[in-house]
Each structure stands twice: as structure tokens, then as C-alpha cells.
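User: I would like to learn how to read a structure like this one. Can you take me through it feature by feature?

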Amino acid sequence: MEAPQVTVMPVTGGTINMMEYLLQGSVFDQALESLLHRLRGLCDNMEPETFTDHELVYLLKGQQGNPFILRARRSLSHPTSPWHLRYLGQPEVGDKSRHALVRNCVDVAASHSLPEFLNEMGFRMDHEFVANGHIFRKGAMKIVVSKLSRILVPGNTENTERLSLSFLVELSVLAPAGQDTMSEDMRSFAEQLKPLVHLEKIDPSKQRH
Amino acid sequence: MSGGPAVRVSIESTCEKQVQEVALDGTETYVPPLSMSQNLAKLAQRIDFSQGSDSEEDGIDGKPRDREWTKQEPEEEEGTVKFQPSLWPWDSVRNNLRSALTEMCVLHDVLSVVKEKKYMALDPVSQDPTAGKTPQVFQLISKKKSLGTAAQLLLKGAEKLSKSVAENMENRRQRDFNSELLRLRSQWKLRKVGDKILGDLSYRSAGSLFPHHGTFEVIKNTDLDLDKKLPEDYCPLDVQIPSDLEGSAYIKVSIQKQAPDIGDLGTVTLFRRPPKTKAGTQQWHVKLEAAQNVLLCKEIFAQLSREAVQIKSQIPHIVVKNQIISQPFPGLQLSISLCHSTGEKKNHRATPDKPKPDDHLYVLEHNLHQMMREFHKQQLSSVVMPHPASAPFGHKRMRLAGPMAYDKAEITSLQHNEGLLEKIIKQAKHIFLRSRTARTIDSLASRIEDPQIQAHWSNINDVFESSVKVLITSQGYEQICKSIQLQLNIGVEQIRVVHRDGRVVTLSHQEQELQDFLLSQMSQHQVHAVQQLAKVMGWHVLSFSNHVGLGPVESIGNASAVTVASPNGEYAISVRNGPESGCKVLVQFPRSQTKELPKSDVIQDAKWSHLRGPSKEVHWSKMEGRNFVYKMELLMAALTPCP
């Protein structure tokens, strides 16, 4: 009995071609309340949603220089929710006038055996952290205000230590490739948050020294 | 004494000024000497004006003067000899004042004499004519100039005043504009873009996915012409809504008999009057609310038409211009149309038929609005929010589809299966079925008097289900004959009937089925009533059948029959009642009462003559009594002899 044929052509449809548009900023702890009020007013009218997540970053070191990074994230406040596996590509170096950071993004939901699976595949965990904060939504835009904490003992999410005295603010949109209309909306939304927080395009590759 | 050196003697005048105080270091402060006016005042205080010199008595001219002169001469003579110390410095003042008084008295006398015109008369002095002209022109010019300066001052003052009043008004209007803006902001979403104030009247922040932007602009209306009177409904704030949302709209839902002509579609022009605005609401509020309503109606209609085209159904839905037509039941058509009037001028498009009475179903329109808003709310539910936070938006259960390996059946069961159009069609079907059932029951009740139909509709219904309890009774005998009680559950396409004795019958939507069923129940009731009556009257039920197999075949239901015997057994009444054939009553007499008795040798004993023999039909229509049961009771009473 022959195994069914495996296509060698790369998969191009479905969720593979989604792009993530991202703007980031930060606020001090003291300014958090006013930022949350402002977001509550600007975003869709829902009950404010808080979250606590635990993220593990896995690396696959190949022969080439750049390792392959996968991010596995689970919710600590909703333990029965599936894990979320994410791949983020390199930021697109398109025209400079684009207001947001654009990169290829692949999102997959996974069951609770994900860490073991990744270990078996050869990935090694690089670091992990706990993020908790608030999540807002305006149409297709997602605004996440989170505080990152470092895990002191690996595997123990109770014992955490805050990494900084500020909150990370991220504005992101998931859209199929080729649709560039979202960056304008993102920019105008970022304008409305202007005096409280400056959301801008931060290139992660330029951050490393 | 000479001889010695000269001694320098310094002479100092005595200090004329008085020393006021000596300071500790030896300096002396002098009282400042009196100034001239102060000196004068001091001296004037010493004059006693009431006491003049003795020579002055009254105001006669020459005499006192002469006397004075004569007095003064010897005085002067005396004065040449020695200096008169009694001549005090105020003498000249006193003399001048006295001469002034004299002059005034003279003038007063002259004027009083002239007034009488007897002894003295006034004559004008002729003026030099050459001396008058040029001064007059000068006078005119000078007067003009002075008037001009005065007028300019007044004008300047008036201008300042009017400017300040205008500024006050402007400030007040600005304040009014700001307070109006505050009120607007408390109810609508506003944001500032550049120097324009824009607002959002769409439902996007409430969960809508309609791509209309819904942006309106706030306009300041404060630069007015001050001369014109302010209009009644003046508001310093005005809003400009998008042009395609102007006017007002509503969604008309109606059920009609199927239109034979398809060419008439898309011409719905029936429009109802816009609701009266409440007093006290601002114009901008009314405008914005109307625009928002138009937007919602457009969204509802867009969703309905999209579903009408996409969803496959047995009878396809027709979408023409602003109307969607579908067939809930054969011969019936449901039309949903978006009526949008821009309010510019009334549409006088002639419709072929006269304006029908408004068959718009308000309940369904309201339900459409509610279902749309519920759809919006579902978009915003927290079920959509991702946990963990980095996951994309989507329903919670769909996220489990991957890890739990759902198959297609499970996934389709998770998705929303019913759209807006299907729901509204189901509701329309139910409403129509319910109204037709009510009409059927009412028409039967008004047509048939003998068994009476009562319908008790339940107050609390569902959008898809209503229920009614139908009782069939005879007048006057409700307590005895209450065996037919039907509970009708009206659903979307069927009516389910539950009988008191437990039978369940399902009727279709056909009107005739329900009518036939009720008629058959009514005929069964008559027979049941006889059975119950017999119990009360003491008669014995010999046989009873709901569905009798004998006699003519009924086209509706079955005939039922009962036979009851009198207490002493002599008489028996047989009743057969059918929905179509009516009722047939036979009475069985004892053999002893029949006219012809067949003579026979078999029967020896006389007691056999008491048995029931032949039966005779009763002319039921000639029977006395207002209804069947009453007649039956009378018959039974007649056949029961008094002891």
C-alpha cells in the first residue's frame, strides 16, 4: 500500500499569507489608569477584558546563522483554552512611508501537548515570561496593554518578578497579504492616543546591539 | 570806646518764625509762616460785615457819599497830620462792597420804575450795521465747530457702546455654541480632526460590520446677520450628515395575496408620516437620530438581500430594487421593502391601485431591528476575545476546532445556521397562521349558534408559537357538557391539537382542515352532551360511539351516535349526529303503546308488552327549546312519566 502523495509545492492559501501590522509603545505605571479610560472610550463598547498569559519562545538552531523562532502561548486565566503557536517573519522592508511594522504571521491553535511536541521536533526553549494586562478591540484592531514579568524558576508561573515599571502597549491588525488600507486606520487611531502614549513602528532587528 | 581791637558784633534779626520743636540733635523746626491766602483768611475772620461805618444808613445816592466824603476830608486832613492807625486794611474792601451794594440798589430801583412804564421808558440803542456781519459768520462757524466736536464725542461713545453690546452677544453665542457642543458630546461620539469637528453616527462601535463610514460634521452657526431677527428654532450648532443618509426611512413588511403581475415590483411608495418630534429636543438630535435610523435600515436591507440571493430555498426569493419578495405559503407573498424618502418632495408616482389600508406589520419591523442589534451584540461578546491574547479574534469554540479535530458536521453545527431572512420569514408565517386560525374560529363562532365555541388565547406567546384553548359548550349546560376542550398550539407551519381525552392531532396550515376539524368536534359534542345529560336525568346509556359506521358517509369527519334508555326502561332515545347530515333522533316506545300489535301465539305473557318495540323519528326542528340539549332534556322529561 502506498502512502498518499505529499505535495512538494508550498502551501500558499488559507492562514499562511496573513500579515500582521504592528505599532508599539509604552506607558509608565502611573499613567495606566488614564490610558485605560481613554481606550475604553475609543474602542468598541465591551466589558474590559483582562488576561494572564504564559509565553515560551522556542528556537531551532540550524546550520545557517539565524535560528528559527516559534512562540507558544497559553492562557493562565482560562486554562482550558488551547495553546497558541505563532510564527513571525522578518519585517517587510517595503516603502518607508508605511506607518506600521508589517510582517508575515502564521497563527495555529494547538492542544496542551505542544511543549513536548516542540521538544521532540528539536526546538529548545530559549526563554519564557508571563504577561498580564488588558485587551481592547476596535473593529479589526486589537490593542493589548500588558505588563511583562520574568519567571524566576523555570516552569513555575507563580513566582514572577516584574521586568520594568511600565506597561507595553501594542496595536495590531491581522489582514491578508496585499491589503494595505489598515495602516491608515491604525495611524489615525494612534493619533488619538497621542499625548498619553506614542505608538510607533519599532523594528525589532534594529533593537539588537 | 576806642583803643582795643574792634569787636565783631553780629546782629541777628529776631526769629520771625516760631519754633515748633527742637530735635535731640539741636535742629529747630519752625512753624511754617502763613501763606498769603491763609493770612488773608485769618484777617477776614476779624471783619465784622454787619457793622458798617456810621455814615451808611440807606441806599440814597449822593448823600452818604457826600457825608462820607465830608467825613473823609476832615479825616484826610487829619491824616496828613498823622497816620491814622484806625484805617484797617479791609477798609477798601468794605468801601468797594458798599459801592457795589449801592449800585445794585440803584439798578433795582431803575428797573422797577421802568417796569411801570409811566415815568421811564427803555429805548434800544441803534447799532452800527457794519460791525455786525462778520461776527455773525464767525459765530456760525464757531457754533458749527463746537457742535461738531460735541457730536463726534457722542458718536464715539455710541460706537463703543454698540461694539460692547455686539461683543457680549457674540460671547453669549459662543458660550451657547460651547454648551450645545457639550450637550452633543454627551450623546454622540465626536473627535477633532484638524480644525474640523467630526462625529460618528454609525453602529460600528456597537458591533456592526457595515462598511458605511457614518461620519458627520459639526458646523458653527454663530456668524449671523444681527439686523435680521433670529428664527424660532435657532441653534448655534448645526450638523451636516452624509448625503445618502438624509431624510427618513423604514422597512415595510407586509403579507399580501400573491400579486398576479410581477411588473409592479419595486414601486413601493407608500410612506407613513414621520413621527412628531418631542418638544425640547434639538434639531441636530432629530437629524442625527433620523440619519442613524436610515443607516440601520440600509444595513438590515443589505443583509436581507444578501441572504436572499445566497441562500438556496425551494422557492427562490426575488430581490428587485428596494423590495424582497418571498412566498411563505402558496398563494401568499411576503414583501419586505426599504422605504426611504429624502423629504425633498413627495413622490407622486401613480400606483395602479388605490392606496391600500396600511398592512404594514409593525411587529415584524421591530423584530428586524431587534435581530440586527442582537447580531451586533454578538460581534462584541467576550466570547470573541482571544485567550491567550496573541491569538486572532474569533469564536471561542471555533478555536477548539483544530486541536480537538472537529469534522465538518461539528463545525457546521457551530456556525450560525439561520440568517436574518429565514428568521423573519418564519415569524411572518407564524403571524399569518395565527391570524388565520383566529379568523376561522371567529367565523365559526358567529355562524353556528347551537354548540358555542369559546376561544381563550394565552397572553404570553413566543415569536414562533402561540396557543389557544377552544371550548365547545351548549348554552345553559356548561357545567354538564364540557367534554370537548381542545388546546391548539399554533407553530410556524402546523397546528397541533391536543384533545381533553389525550388524542393529539396535527393539522397543516390549510384553513379548511381546521374548520372541518372543529365542525366534527361540534357534532361530537352534541352526542357527548346527550350522554352527560342522561347521567344527570337518570337515564341509562345503552350504547355510545364516536365514529359510527352506519348510515350515510359524512364528507367531514364521522357521525357519532348514542342510545339512552329511560329509568323505567320503557322508552329509549337514539341520537345520531353528523357534521354534515345533522342530527337524527329516534324514540323507541314500549310495545304496549303501539297501535298495531301483531297478534302472535308465541308471546303468552302480558309482561312482554312492556318491552320496547318500534321506534319513531322525532321532528327535531319542530321541537321546542332553544338548543339541542335543552330539547333533549325536554324530550327526556316528557318520556319520564310522573310517579
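Analyst: We will go from confidence to folds, packing, cores and backbone details. Keep in mind that this is a predicted model.

User: What is the mean pLDDT of chain A, and where in chain A is confidence lowest?

Analyst: Start with the general rule. Where pLDDT is low, the predicted coordinates should not be read in detail. Here, chain A averages a pLDDT of 85, and 89% of the residues score at least 70. Helix α4 (residues 204-207) of chain A has the lowest confidence in that chain, with a mean of 69. The highest is in helix α2 (residues 114-121) of chain A, at 93.

User: How many helices and strands does chain B have?

Analyst: Chain B has eleven helices and 20 strands. Of its 643 residues, 31% are buried. Now look at contacts in chain B with a separation of 6 or more: 57% of them link residues 24 or more positions apart.

User: How do I describe two packed helices? At what angle do α5 and α9 of chain B pack?

Analyst: Two packed helices are described by the angle between their axes and the distance between the axes. In chain B, take helix α5 (residues 283-310) and helix α9 (residues 420-447). They pack at about 90°, and their axes are 8 Å apart. α5(B) and α9(B) are therefore roughly perpendicular to each other.

User: Which residues meet there?

Analyst: From α5(B) come B:I300, B:Q303, B:L304, B:E307 and B:A308. From α9(B) come B:L420, B:L421 and B:E422. By class, this contact has five nonpolar, one polar and two charged residues.

User: How many residues are in the largest nonpolar core?

Analyst: The general idea first. In soluble globular proteins, nonpolar side chains tend to be buried together. The largest nonpolar core here has 67 residues. Among those with the most contacts inside it are B:L184, B:F216, B:L288 and B:L368. α5(B) supplies the largest share of this core, eleven residues. Another core lies apart from it, with 28 residues, including A:V27, A:A100, A:M186 and A:V197.

User: What does B:F216 touch?

Analyst: Not counting residues up to four places away in sequence, its contacts include B:W188, B:I197, B:L201, B:V239, B:I241 and B:L288.

User: How far apart are A:I202 and A:A100?

Analyst: In sequence, 102 residues; in space, 8.6 Å, C-alpha to C-alpha. A:I202 sits in the loop between α3 (182-192) and α4 of chain A. With 28% relative accessibility, A:I202 counts as partly exposed.

User: Which backbone details should I check?

Analyst: Most residues other than glycine have a negative phi, and most peptide bonds are trans. So look for the exceptions. A cis peptide bond joins B:H387 and B:P388, with omega about 10°. B:P388 is in the loop between α6 (362-379) and α7 (396-399) of chain B.

User: Where is B:K117, and what is its phi?

Analyst: B:K117 is in the loop between α3 (91-116) and α4 (133-187) of chain B. Its phi is near 60°, a positive value. B:K117 is exposed, at 69% relative accessible area.

User: And where is B:K321?

Analyst: B:K321 is in the loop between β8 (318-320) and β9 (323-326) of chain B. Its phi is near 45°, again positive in a residue other than glycine. B:K321 is exposed, with a relative accessible area of 65%.

Technical notes
Residues numbered from 1 in each chain as written. Chains lettered and ligands numbered in written order. Predicted model: local features only at pLDDT ≥ 70, side-chain atom pairs only at ≥ 80, totals over all residues. Heavy atoms only, no water. Axes fitted to C-alpha atoms, helices over the stretch in contact; angles between N-to-C directions. Helix = DSSP H or I, 4+ residues; strand = E, 2+ residues; numbered from the N terminus. Parallel < 35°, antiparallel > 145°, perpendicular 65-115°, else oblique. Contact = heavy atoms within 4.5 Å. Nonpolar A, V, L, I, M, F, W, Y, C, P; charged D, E, K, R; others polar. Core = buried A, V, L, I, M, F, W, Y, C linked by side-chain atoms within 4.5 Å. Buried < 20%, exposed > 50% of the residue type's maximum accessible area, 1.4 Å probe, protein only. pLDDT = per-residue confidence, 0-100.
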